[in-house]
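Here are my notes from a first pass through this one.

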Amino acid sequence: MPSETEALDAYSTVVSAVAAKVLPSVAALTVRTSRGDGAGSGVSFTEDGFILTSAHVVTGAHAGLAEFTDGTQSRFDVVGADPLSDLAVLRVRDGGAPPATLGDADSLRIGQLVIAVGNPLGLAGSVTAGVVSALGRSLPVGDGRRARMIDDVIQTDAALNPGNSGGALADSAGRVVGINTAVAGIGLGLAVPINSTTRSIISELISTGRVRRAWLGIAGVPVALPPPIAHNLKQRRGLRLVEVIPGSPAAKAGLYIGDIMVSAGGRPVQGVQDVQRLMLGSAIGTRLPLTVLRRGAYVDVIAIPAALS
């Protein structure tokens, strides 16, 4: 076993190495909107000047100023923002910074070392370290008309300073596994994960400036499945439909209030989030197999999700 001093030295070495690797890619962002000035952080992630940040940092703004740790400043334009994932993509007009490497939050484990790197004004080069406190958290967000949950949010005890929103949450290899988004309480911070879902959102923001989402037209609540069915399906819960909007894709597929959805697209459904994570733009107009329990029997239907207007 290493001594306490050796362990602390190793810990410091890792944190210092991550800071040196990620800090040059992190910018302090300032924006001006009709509501006043705003600030946050952003992470350069491509060679051609694209920056990833939190959507709430640039709400109401079309452009702003990015300043990197080496003192370089550049105006940026907002390429696209998606309040329902709290992610936005910007692009600097003049050059850019070294891009950070995006990792995969799905590989994280509770207790794993993570480093929060931000560059808020007044606290240039802010670095804090901690561990992954919890995984699979949900964060409610909205755009004024709609609300949804961001799934698989990372909870960490790495302190998030004011202005850290949009900054990087990195693993011990210096890969960005999350975008810091909120302070959950004293000593607790939340980050939107970098995973296959958010990579799709980022790609869509770059290519079209917005994120299309699919729609089924249902509302539901999780319910416990009868023990024999739970044993057979190897899942404890399903989603009881409490609303099926008339004329919606769900209604056209033959779903009814009281049905208990147990799978969608071949994947188990135990809550609203399991359906919600399938409702990306790629699902619009495609066949989505659904299995529900109705009066104790399995019923299979095919729904065709529509575009969410």
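1. A word on labels before anything else: helices (H or I, at least four residues) and strands (E, at least two) are DSSP runs, numbered from the N terminus. By that count, Gln 273 is found in helix H5, residues 272–276. Bear in mind throughout that this is a predicted model.

2. Staying with Gln 273: is this residue buried, exposed or in between? Its relative accessible area is 25%, so it counts as partly exposed, given that buried means under 20% and exposed over 50%. For a sense of scale, Gln 273 and Val 92 are 181 residues apart in sequence, and their C-alpha atoms are 34 Å apart in space.

3. Now the barrel. Six strands close up in the order E1-E2-E3-E6-E5-E4, with antiparallel pairing. From one strand to the next, the twist averages 40°. Strand E1 (residues 26–33) and strand E4 (residues 63–68) run antiparallel and are joined by four bridges; for instance, Ala 27 has Phe 68 in E4 as its bridge partner.

4. Helix H2 (residues 196–208) lies across strands E3 (50–53), E5 (73–82) and E6 (87–92), at about 45° to E6. H2 has 13 residues and spans 18 Å from its first C-alpha to its last, close to the 18 Å expected at 1.5 Å a residue.

5. Which residues of H2 are buried? They are Thr 198, Ile 201, Ile 202, Glu 204 and Leu 205. Those five cover an arc of only 165° around the axis, which puts them on the same side of H2. The general rule behind such spacing is that an α-helix has 3.6 residues a turn, so residues three or four places apart point the same way. Ser 196 and Ser 207, on the other side of H2, are exposed. The cover over the buried residues includes E3, E5, E6 and strand E13 (188–193).

6. On to the cores. The largest nonpolar core has 32 residues, and those touching the most other members are Val 22, Val 43, Leu 52, Leu 87, Ile 179 and Ile 202. Helix H1 (residues 4–22) supplies the largest share of this core, four residues. There is also a second, separate core of 20 residues, with Val 269, Leu 288, Leu 290 and Ala 303 among them.

7. Strand E17 (residues 260–264) has five of its five residues buried, so it is largely enclosed by the rest of the structure. E17 pairs antiparallel with strand E16 (residues 237–244) through two bridges, where Arg 240 partners Ile 260. Two bridges also join E17 to strand E18 (residues 267–268), again antiparallel, with Ser 263 partnered by Pro 268. E17 and E18 make a hairpin with two residues between them, and Gly 265 in the turn has a positive phi of about 60°.

8. E17 also pairs antiparallel with E19 over four bridges: Ser 263 stands opposite Thr 291, and Ala 264 opposite Leu 290. Six of the seven residues of E19 (residues 288–294) are buried, so E19 too is largely enclosed by the rest of the structure. Seven bridges then link E19 to the antiparallel strand E20 (residues 297–303), with Arg 294 partnering Ala 297. In that two-residue hairpin, have a look at Arg 295, which takes a positive phi near 55°.

Methods:
Residues numbered from 1 in each chain as written. Predicted model: local features only at pLDDT ≥ 70, side-chain atom pairs only at ≥ 80, totals over all residues. Heavy atoms only, no water. Buried < 20%, exposed > 50% of the residue type's maximum accessible area, 1.4 Å probe, protein only. Pairing = 2+ DSSP bridges. Core = buried A, V, L, I, M, F, W, Y, C linked by side-chain atoms within 4.5 Å. Axes fitted to C-alpha atoms, helices over the stretch in contact; angles between N-to-C directions. Contact = heavy atoms within 4.5 Å. Expected span 1.5 Å × (residues − 1). Arc of directions from axis to C-beta.
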